[in-house]
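Visitor: I am new to this structure and would like a close look at one part of it. Please start there and then go on to the rest.

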Amino acid sequence: MKKVLSLVLALTLVLGCMSFASAEEGKIKLVVWSFTNELQGMIEKYYLPQHPELDIEFQIYPTDGNAYTTKVDNLLGANAASDEAPDIFTLEAAFVKHYVESDWTGDLKTIGFTDEELGTAFPVMAQIGQNAAGVQKGLSWQSTPGVLMYRASLAEKYLGVTSPEEMQEKVQDWDTFLETAEELKEASEGACKMVIGSGDIWNAYQYQRSEGWVVDGKLVIDDELLDFEELVKTLEEDDLSHKGGSWSEVWFAGMRGELETLCYFLPTWGLHYTLKPHCSSLWDESKTEEENVAAIGDDGTYGDWRLVDGPVAYSWGGTWMGINAAKAATADDAKKQAMHDLIYNFSLNEDWLVQYAQDSGDFVGSAKAVETILANGGTPNPFLGGQDHYAIFASAAALANGSLMSEYDDTINSLWSDYVTTPYTKGEKDLDTCLEEFKTAVAAAITTITVE
Amino acid sequence: MASSQKKRKTVSYSHWGYIFIAPFFITFLIFQLYPIIFTFRTSLTDAVGWEKILNNNIIGFENFRQLFDSSSLVYGKFWGALGNTMIMWFFNFVPQLGLALILASWFTDSRMHLRAQGFFKVTIFMPNIITAATIGMLFMSLFAYPIGPVNTFLQSFSLSNMPIEFFRSVAWSRGLISFIQWWMWCGNTMIVMIAGISGINPALFEAALVDGCSSRQTFWKITLPLIKPILVYNLITSLVGGLTMFDIPHMMTQGNPNETTNTVARFIYTQGFTGSRNFNMASAASVVLFGIIIIGSLLIRFVLNDHDKPAKSERKGAK
């Protein structure tokens with residue numbers, strides 16, 4: 001028995017030493033958690049070389065099956081001040097509200113952010129990173145405004161539209177959007193549809209609301225949502241959409257041009273990481289853009305896409321950096337400064353963001369940096385036939401209303417789709433029945449809010 | 001006494017036995033027993049949200065009251081989910097057991113002498129190796145709407161002039177889930193059945209053959225009664241697996257259309273891991289499900305073992 005005991009003790013000792021050995025002498029240790037290696041890559045490439053005093057430990061857990069949030073919840077709920085707990089952790093759009101509303105994330109001002117610094121972020125991204133009381137708890141290095149992307153050749157062929165300005169007039173609000181869809185159906189004899197399905201429109205249309213899902217602890221069904229239902233029901237019944245889901249085979253077929261589809265509602269990342277790689281079946285993501293363009297030739301839809309603001313300015317996605325309140329409270333000044341500098345550099349530092357935007361083509365989170373990029377001549381994009389995507393995204397980012405997001409959006413959005421949009425637009429149930437079932441479902445799923 | 005202890009010490013290796021079985025018991029205690037006790041405890045609390053998972057108050061049987069009170073919000077959803085689960089389990093299990101029995105008796109029938117048995121057994125067992133989630137995704141894309149392999153096939157052979165939206169039809173959605181479960185688990189049941197039949201004394205079959213039994217008679221009068229313990233085992237494991245059905249419905253239909261493919265396990269998942277994270281209700285539902293499975297298993301044992309009793313007493317009487 002003694003042997004066993006001593007063996008166990010020896011093992012504990014060895015393991016204990018191993019975990020302490022990683023903290024190097026005289027360096028400031030930061031623990032950073034994320035759900036992709038994107039932030040780690042940026043820190044290692046751009047930040048660590050200039051900051052040898054930092055010793056950063058990265059932990060990456062995937063978001064699949066809620067692995068990341070479960071990990072964060074367990075640790076912050078039970079032992080937030082422990083060594084392994086993160087100092088800085090990233091938050092995705094799906095759950096950022098949940099964390100900024102909790103006491104686990106700290107006020108960024110406690111680590112030295114000033115109002116002046118915070119004022120340079122895009123309002124929509126800043127709003128999403130605030131709690132209900134307006135305390136700034138998260139900052140994003142990207143902003144993800146959404147626009148309407150359409151195919152210029154189809155617009156010209158069926159609608160006689162030759163410029164993005166003309167196109168914008170055809171989709172300036174949802175009524176004209178529907179009229180254009182009818183016009184398109186007539187002109188193309190039903191071959192070309194306005195959109196793939198209702199899911200695409202939802203991402204934009206939810207920003208049409210004047211209030212979010214939950215206001216003062218109560219469920220709110222904004223009147224705009226009922227208008228949304230009528231719109232998608234008309235699209236479905238009049239055969240104006242392909243009736244497919246987002247991320248389905250039909251959705252990608254439309255991008256490749258195999259099915260004639262005029263419009264997609266996509267944000268910044270959708271342009272580079274979704275639409276472009278799917279513009280042709282010959283596109284190979286391991287090659288550079290030039291090699292791909294040479295390889296695909298006339299196949300697909302490269303160069304045929306244009307951006308317009310569309311009926312409403314919206315935002316879709318994003319990643320925020322937040323701080324662990326428990327660890328920020330006990331950090332010394334040097335560590336607080338290091339945390340501030342790191343978050344500042346990646347979210348608001350104009351020089352770095354301009355450089356990063358040039359390297360990656362990403363749309364950054366600081367309004368000031370975007371102004372500089374536009375002043376430097378912008379970013380003409382061959383995928384968009386030379387159109388400058390930065391200019392369009394900038395106006396959407398300035399207008400989108402981030403205060404609509406709530407921590408229960410994920411759950412309520414999918415309940416709305418399952419209990420209202422799908423059964424109603426497919427004519428299975430009338431709207432009142434759908435709304436009643438939706439309310440019951442919300443009340444059963446979220447016991448902490450009032451449903452009337 | 002002292003000398004015998006000393007003597008025993010030199011030859012006894014029994015403590016190694018404990019060391020070798022320790023890993024199992026340690027993992028069992030940490031990863032099974034503790035979570036079970038924790039679930040029972042959580043079911044009696046007001047633990048809503050991660051913040052309250054450890055700091056909560058015991059509120060008694062309120063969560064259970066809601067599950068059994070027809071005026072509560074979760075009542076319809078929970079029992080509706082149980083009904084769906086039973087329907088999908090039934091249409092999976094009946095054909096599964098039937099086909100597995102037929103295949104097992106063919107494979108073990110010495111008169112039939114099927115060729116390439118190994119090949120068929122492997123092929124029939126194969127679907128069981130693939131992860132359920134993968135199969136769920138596979139069928140979801142096969143039956144996709146409006147464009148998917150099945151719809152394209154139906155239209156190109158003029159079997160249907162419009163694409164069919166399979167996952168908005170209750171019959172198709174439930175049918176597909178039952179079918180996948182059946183298709184995946186049939187091979188497994190068959191192997192267990194073959195093992196059971198192989199365990200029967202061949203002398204009995206030979207005697208039946210000599211007495212002029214037909215294949216059908218042999219099956220009904222000898223094979224079936226003698227593999228009854230295996231049947232009970234199969235029914236119970238299938239009941240446990242069926243009532244906790246989660247991955248296929250979750251991947252393929254998310255409980256749609258209109259909650260008709262929502263299972264109890266999905267109900268527990270949505271309560272515990274979406275919305276306000278109602279861990280208390282999820283735990284209470286798990287405890288009720290646990291009870292239902294125990295009752296169901298006991299019932300199956302009771303019903304299927306019932307006929308044995310007179311046989312036993314007869315034997316006793318004969319002695």
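Visitor: In which loop of chain B is Pro257(B) found?

Guide: Pro257(B) is found in the loop of chain B between α12 (247-252) and α13 (264-273). Helices here are DSSP runs of H or I with at least four residues, strands are runs of E with at least two, and both are numbered from the N terminus. This is a predicted model, in which local features need pLDDT of at least 70, side-chain atom pairs count only at pLDDT 80 or more, and totals for chains, interfaces and linings use all residues. Residues are numbered from 1 along each chain as its sequence is written, while chains are lettered from A and ligands numbered from 1 in the order in which they are written.

A cis peptide bond joins Asn256(B) to Pro257(B), with omega at about -5 degrees. In the loop between α12 and α13 of chain B there is also Asn258(B). Asn258(B) is not a glycine, yet has a positive phi of about 50 degrees. Most residues other than glycine have a negative phi, and most peptide bonds are trans. Asn258(B) has 19 C-beta neighbours inside 10 Å and so counts as partly exposed. By C-beta atoms placed from the backbone, a residue is buried with 20 or more others within 10 Å of its own, exposed with 12 or fewer, and partly exposed in between.

Chain B has a cis peptide bond between Tyr145(B) and Pro146(B) as well, with omega about -5 degrees. Pro146(B) is in the loop between α6 (132-142) and α7 (149-156) of chain B.

In chain A, Trp247(A) has a positive phi of about 65 degrees and is not a glycine. Its place is the loop between α11 (223-237) and α12 (249-256) of chain A. Trp247(A) is exposed because 11 other C-beta atoms lie within 10 Å.

The two chains also meet: 22 residues of chain B are in contact with 24 residues of chain A, contact being C-beta atoms, placed from the backbone, within 7 Å. On the side of chain B that touches chain A, the elements giving two or more residues are α4 (73-108) and α13 of chain B. The largest share, three residues, comes from α4(B). The residues of this side divide into ten nonpolar, nine polar and three charged. Ala, Val, Leu, Ile, Met, Phe, Trp, Tyr, Cys and Pro count as nonpolar, Asp, Glu, Lys and Arg as charged, and the others, Gly among them, as polar.
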